[in-house]
Each structure stands twice: as C-alpha cells, then as structure tokens.
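Hi everyone, thanks for coming. I'd like to walk you through one model today, so let's get it up on the screen.

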Amino acid sequence: MNAVEPPEPITSEKRIMSIHLQREMDELRKRLLGEGALVEDAIRKAIRALETRDRELAAEVIEGDKEIDREEIEVEEECMKILALHQPVAVDLRFIVAALKMNNDLERMGDIAVSLARRADYRARRGPDILFPAKIDDMVAAVQKMIKGALDALVNSDEKLAKSVCEADDEVDRMKRAIIKAIRARMGEEPENLRVLLKMMDVPRHLERLADLATNIAEDVIYLVRGEIIRHHYLEQDGEQDDD
C-alpha cells in the first residue's frame, strides 16, 4: 500500500502572494464599479440632453467618453497583469473572465451614450421641436432600470436581481418595435420632417442596445455567482424576427 503524501505546506512566500492577489482583486473590482458609475452617469446625461435639447450637456457627454475609454484600457491591463502574475483559479479566475467581458460591455455603453448625445445635439440644432412618440418615456425608464439593476447586481453579487434584468429585456424589445412603428407612420404624414424622423429612429435602437448590454452584464454576474454560462440559453428565443 502506497503511503499518502502529506499536503504541500503553505510557505510564507505563497501566503504573501495570496494577500497580494486579493488586494489586486479588490482594486480591480473597485475600478470596474467606478467605470460602471461613469457609464451610468453618461447615459443619464445623454438622455437628459436629448429630452431638453441641451447642447452643452450633450458636449459634456461626448468629451467625458475619453475618461471611460481610459478606464476601459486600464481595467483590461489590470486583468492581464493579475492573470500573468498570479495565475488565479476557481472563483478568482471566474471574476477575471467576467470582468474582461463586463469591461468591454461598459465601454460600448459609453459609446452609445455618445451616440445619444450627438442625436441630442442634432435635435437642438434642428430648430422646431419634433416630439418623440409618448412611449419613448416608458422605454427610457425601463432601460435605465435595467442598467442600474445590472450594476447593483454586480456590486452585491445578486443573482436574483441579475435574473430580473435578463427577464426585462423582452419588454424593451417590444417597446422599441412599437416606437419605430409609430415613427414610420409619421414619416408618411409629415414628409417635411423626414430627415429628423429618420434621426429619431436611431434613439429607440440605441436604447435597445443599451438594454442588451445591461443583459450581458447581468448574465456575467450569474456566471460569476454560479459558474454557469447562461447566455446561449436564450438562443431558442431568437427566432422572433425584429421588424425594424
């Protein structure tokens, strides 16, 4: 009978490396949440600029995207450094993988905030105000709730909240289709406003994309908590055709 080898002792060097790893993981989490706060603020300002036709606020969102881009690069570099120096496993490795994906989604959300701000600037320069369909307010509120929910789920590792964000995405898709349908109907009734109505059609599409990215982050929170990738569980629902 072979003797069982005793477990390898934890050396002081390994203990120090573990402490350093946890410190760097904590710092990474803070940076990721800080980036999320910047993105959430940019989206809020972009939507406000769109509603009020505030060109100065729109310009602030566009200029602020540089900081979001810097944060995205620094978070990615931090992830790469931790992978190279510490070779994390299990929960720590899951967090790094999720952080890389969330980081990319947050940067893309920042880009969409810029696109919304540019639509706000165009709307302000256009002159006479062309009103959005009434349902746009409901869609804005739903999307903002999803973004906040996804980031809160990340902060608290809240699987239940993350699931509720995923479930809300279908309703946002329905709202987008209804709003685009209403805008298209107005094109025939208001040919003199065709150009601005075409620009307006981008807004519900951008909002829907923000909801998709919030869903991605929520799905990554579930992966972080459970170690299960759920993104492709929704593939069977993709047969529904989008009519925009």
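Let me start with a question: in which loop is Q87 found? Q87 sits in the loop between α2 and α3, where helices (H or I, at least four residues) and strands (E, at least two) are DSSP runs, numbered from the N terminus.

Before going on, some housekeeping. This is a predicted model, in which local features need pLDDT of at least 70 and side-chain atom pairs count only at pLDDT 80 or more, while totals for chains, interfaces and linings use all residues. Residues are numbered from 1 along each chain as its sequence is written, and side-chain values use heavy atoms, with hydrogens and water left out.

Back to Q87. Its phi is positive, about 45°, although Q87 is not a glycine. Q87 is exposed, with a relative accessible area of 63%; buried means under 20%, exposed over 50%, and partly exposed in between, using a 1.4 Å probe and protein chains only. R53, in the loop between α1 and α2, also has a positive phi, about 55°, and is not a glycine either. R53 is partly exposed, at 25% relative accessible area.

Now to the inside. Take L210: leaving out residues up to four places away in sequence, L210 touches I43, M109, I112, L116, V143 and I147, contact being heavy atoms within 4.5 Å.

What about the cysteines? C79 is buried, at 0% relative accessible area, and C166 is buried too, at 6%. A search of the whole structure finds 0 disulfides, that is, pairs of cysteine sulfur atoms within 2.5 Å.

Finally, for those of you who like pockets: which residues line the second largest pocket? I47, L50, E51, R123, F132, P133, A134, I136, D137, V140 and V203 do. By type, the lining divides into 8 nonpolar, no polar and 3 charged residues, where Ala, Val, Leu, Ile, Met, Phe, Trp, Tyr, Cys and Pro count as nonpolar, Asp, Glu, Lys and Arg as charged, and the others, Gly among them, as polar. A pocket here is an open set of points on a 1 Å grid over the protein atoms alone, where a 1.4 Å probe fits, with protein on both sides within 12 Å along at least five of seven lines; lining residues have an atom within 4 Å of a point.
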